[in-house]
Amino acid sequence: MAPNSLFAVLLRSPWWISIAIAAAMAGASRLALPAEYVVFGAMGGIPFVVIGVVAAWRQFKAPSEKSVVATLEAVQAMSWREFSAALEAALVRDGCTVEAIKSPAADFAATKGTRVSLVSAKRWKAASLGIEPLRELHAATQAREAQESIYITLGEMSDNARRFAGEHRIRVISGTELAVLLGRQAPPRKA
């Protein structure tokens with residue numbers, strides 16, 4: 001689905017907006033159509049009801065802002081060893097087979113079925129993300145003939161990095177998505 005299509009935007013919006021659109025379509029059908037066609041006009045709102053239900057389910061399952069902040073603070077306090085272990089465990093929980101890679105460009109090869117993703121996370125604590133680590137990851141993905149590139153960061157991306165990631169279909173995981181990937185709570189720090 002295109003990220004700026006009507007349904008994609010509604011999936012990111014509060015669930016009740018889609019339901020309100022469906023109700024408005026039903027009301028407009030009742031006002032504008034002859035009685036025998038009202039049902040058919042109202043049925044045009046069914047996709048909006050479905051989108052509203054999906055959006056409600058996603059919003060119900062999403063972690064709270066407080067939980068996301070707590071998880072990201074715990075991640076920020078982790079050492080590389082702790083973070084890489086938590087990330088590997090999260091990928092395994094998602095059904096991937098994970099192989100550590102000794103490469104400056106990528107840290108893991110995550111395989112799910114026949115799909116291989118290269119994951120880079122070593123610079124997860126960097127305050128800002130430039131284009132160079134993304135170039136390295138893209139080159140490593142091509143060299144290994146992997147199907148996907150994933151970059152993990154807590155920092156902000158520069159405009160050039162964001163554009164490069166979009167052009168080369170590099171999935172950047174940060175913020176709420178990172179908190180969800182690692183679970184609602186990051187593992188406790190070892191003393």
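Okay, let's start with helix 4, where the buried residues are Phe 48, Ile 51, Gly 52 and Ala 55. Looking down the axis of helix 4, those buried residues fall within an arc of 105°, so they line one face of the helix. That arc is taken from the directions from the helix axis to the C-beta atoms. By buried I mean under 20% relative accessible area, by exposed over 50%, and partly exposed is in between, using a 1.4 Å probe and protein chains only.

Before I go on, a word on what we're looking at. This is a predicted model, where local features need pLDDT of at least 70 and side-chain atom pairs count only at pLDDT 80 or more, while totals for chains, interfaces and linings use all residues. Residues are numbered from 1 along each chain as its sequence is written, and side-chain values use heavy atoms, with hydrogens and water left out.

Also, helices (H or I, at least four residues) and strands (E, at least two) are DSSP runs, numbered from the N terminus.

Back to helix 4. What does its buried side pack against? Helix 1 (6-12) and helix 2 (15-32). Turned away from that buried side are the exposed residues Val 53, Trp 57 and Phe 60. Helix 4 covers residues 46-61, so to speak 16 residues, and reaches 23 Å from first C-alpha to last, close to the 22 Å expected at 1.5 Å a residue. The expected span there is 1.5 Å times one less than the number of residues.

Now helix 6. After helix 6 comes Gly 95, with a positive phi near 95°.

Next, the cores. A nonpolar core is a set of buried Ala, Val, Leu, Ile, Met, Phe, Trp, Tyr and Cys residues joined through side-chain atoms within 4.5 Å. The largest one has 23 residues, and Phe 83, Leu 87, Val 119, Ile 152 and Leu 182 have the most contacts inside it. Which elements give two or more residues to this core? Helix 5 (65-77), helix 6 (80-93), strand 2 (108-112), strand 5 and helix 9 (175-182). Helix 6 gives the largest share, five residues. Apart from this core lies another, of 17 residues, among them Ala 105, Ala 106, Leu 129 and Val 172.

Let's zoom in on strand 5. Five of its five residues are buried, so strand 5 is largely enclosed by the rest of the structure. Both faces are covered, with Glu 148, Ile 150 and Ile 152 on one side and Ser 149 and Tyr 151 on the other. Take Ile 152: leaving out residues up to four places away in sequence, it touches Phe 83, Leu 87, Val 119, Ser 120, Ala 121, Trp 124, Ile 173, Leu 178 and Leu 181. Contact here means heavy atoms within 4.5 Å.

What about strand 5's partners? Strand 3 (residues 115-120) runs parallel to strand 5, joined by four bridges, and Val 119 has Ile 150 as its bridge partner. Strand 7 (residues 170-173) also pairs with strand 5 in the parallel sense, over four bridges, and there Ser 149 is partnered by Ile 170. Two strands pair if DSSP finds at least two bridges between them.

Buried or exposed? Thr 153 is buried, at 1% relative accessible area. A polar atom of its side chain lies 3.0 Å from the backbone nitrogen of Gly 155. Beyond four places in sequence, the contacts of Thr 153 include Arg 123, Trp 124, Ser 174 and Leu 178.

Over in helix 8 (residues 159-167) sits Ala 161, which is buried, with a relative accessible area of 0%. Its C-alpha is 7.2 Å from that of Leu 134, 27 residues apart along the chain.

Most residues other than glycine have a negative phi. Glu 145, however, has a positive phi near 55°, and is exposed at 66% relative accessible area. Arg 169 has a positive phi near 55° too, and counts as exposed at 70%.

Terms used. Polar contact = N/O pair within 3.5 Å; in protein donor to acceptor, adjacent residues only side chain to side chain.
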